[in-house]
Amino acid sequence: MNSLSQSEFNDILKRLSKVYLKAIITGVGLKYKYERVLWLIYVEELNYNEVADELNITKESVGNLVSKARKQLKYLIDKQSICLLY
């Protein structure tokens, strides 16, 4: 996974099944706020406006939070040598 860029990693997340995403998002040890925002985006398939309403934050804050959460997720997956089957 280290050889993937963040953009390539993000594309992979979009293609994974919901079952696999649920296991990854909840199982790698993300901070709760990162886990929650990724769950809303990838599992519940909410858009940024809907996530902002759900979390009571601005749309811009959602974007920042998602970006940080994806980076943290990639780091934890790399660290734990988890293979993403896509």
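Helices here are DSSP runs of H or I with at least four residues, strands are runs of E with at least two, and both are numbered from the N terminus. The axes are lines fitted to C-alpha atoms, for helices over the stretch in contact, and the angles run from 0 to 180 degrees between N-to-C directions. On the α4 side, the residues Y48, N49, V51, A52 and L55 meet K59, V62, G63, L65, V66 and R70 of α5, where contact means heavy atoms within 4.5 Å. The residues of this contact of α4 with α5 divide into seven nonpolar, two polar and two charged, with Ala, Val, Leu, Ile, Met, Phe, Trp, Tyr, Cys and Pro counted as nonpolar, Asp, Glu, Lys and Arg as charged, and the others, Gly among them, as polar.

Residues are numbered from 1 along each chain as its sequence is written. Because the model is predicted, local features need pLDDT of at least 70 and side-chain atom pairs count only at pLDDT 80 or more, while totals for chains, interfaces and linings use all residues, and side-chain values use heavy atoms, with hydrogens and water left out.

Helix α5 also packs against α3, and the axes of α3 and α5 come within 9 Å and cross at roughly 105 degrees. The helices α3 and α5 are therefore roughly perpendicular to each other. In this pairing, K33, Y34, V37, L38, I41 and Y42 of α3 meet V62, L65, V66, K68, A69, R70, Q72 and L73 of α5. By class, the contact of α3 with α5 has ten nonpolar, one polar and three charged residues.

The protein as a whole has five helices and zero strands, and along the sequence the pattern reads α-α-α-α-α. The radius of gyration of the protein, taken over C-alpha atoms, is 12 Å, close to the 12 Å that the globule rule (2.2 Å times the number of residues to the power 0.38) gives for 86 residues, so the protein is as compact as a globular protein of that length. Along its principal axes, the C-alpha trace spans about 35 × 20 × 20 Å. Among contacts between residues at least 6 apart in sequence, 61% join residues at least 24 apart.

Buried residues (under 20% relative accessible area, with exposed meaning over 50% and partly exposed in between, for a 1.4 Å probe and protein chains only) make up 36% of the 86 residues. In soluble globular proteins, nonpolar side chains tend to be buried together. A nonpolar core is a set of buried Ala, Val, Leu, Ile, Met, Phe, Trp, Tyr and Cys residues joined through side-chain atoms within 4.5 Å, and of the 26 residues in the largest such core, V37, L38 and L73 touch the most other members. At least two residues of this core are supplied by each of α1 (6–15), α2 (18–27), α3 (32–43), α4 and α5. When residues up to four places away in sequence are not counted, L38 touches I25, L30, V43, A69, R70 and L73.

Several residues of helix α1 can be described individually. L13 is found in helix α1 and is buried, with a relative accessible area of 1%. Not counting residues up to four places away in sequence, L13 touches L21, Y42, R70 and L73, and the C-alpha atoms of L13 and R70, which are 57 residues apart along the chain, are separated by 9.1 Å. N10, also placed in helix α1, is buried at a relative accessible area of 13% and, leaving aside neighbours within four places in sequence, is in contact with Y42 and R70. R15 lies in helix α1 but is exposed, with a relative accessible area of 54%; the C-alpha atoms of R15 and Y42, 27 residues apart along the chain, are separated by 9.8 Å.

Most residues other than glycine have a negative phi. E45, found in the loop between α3 and α4, has a positive phi near 55 degrees and is exposed, with a relative accessible area of 56%. N56, in the loop between α4 and α5, has a positive phi of about 60 degrees although N56 is not a glycine, and counts as exposed at 69% relative accessibility.

Definitions and conventions:
Angles under 35 degrees count as roughly parallel, over 145 as roughly antiparallel, 65 to 115 as roughly perpendicular and the rest as oblique.
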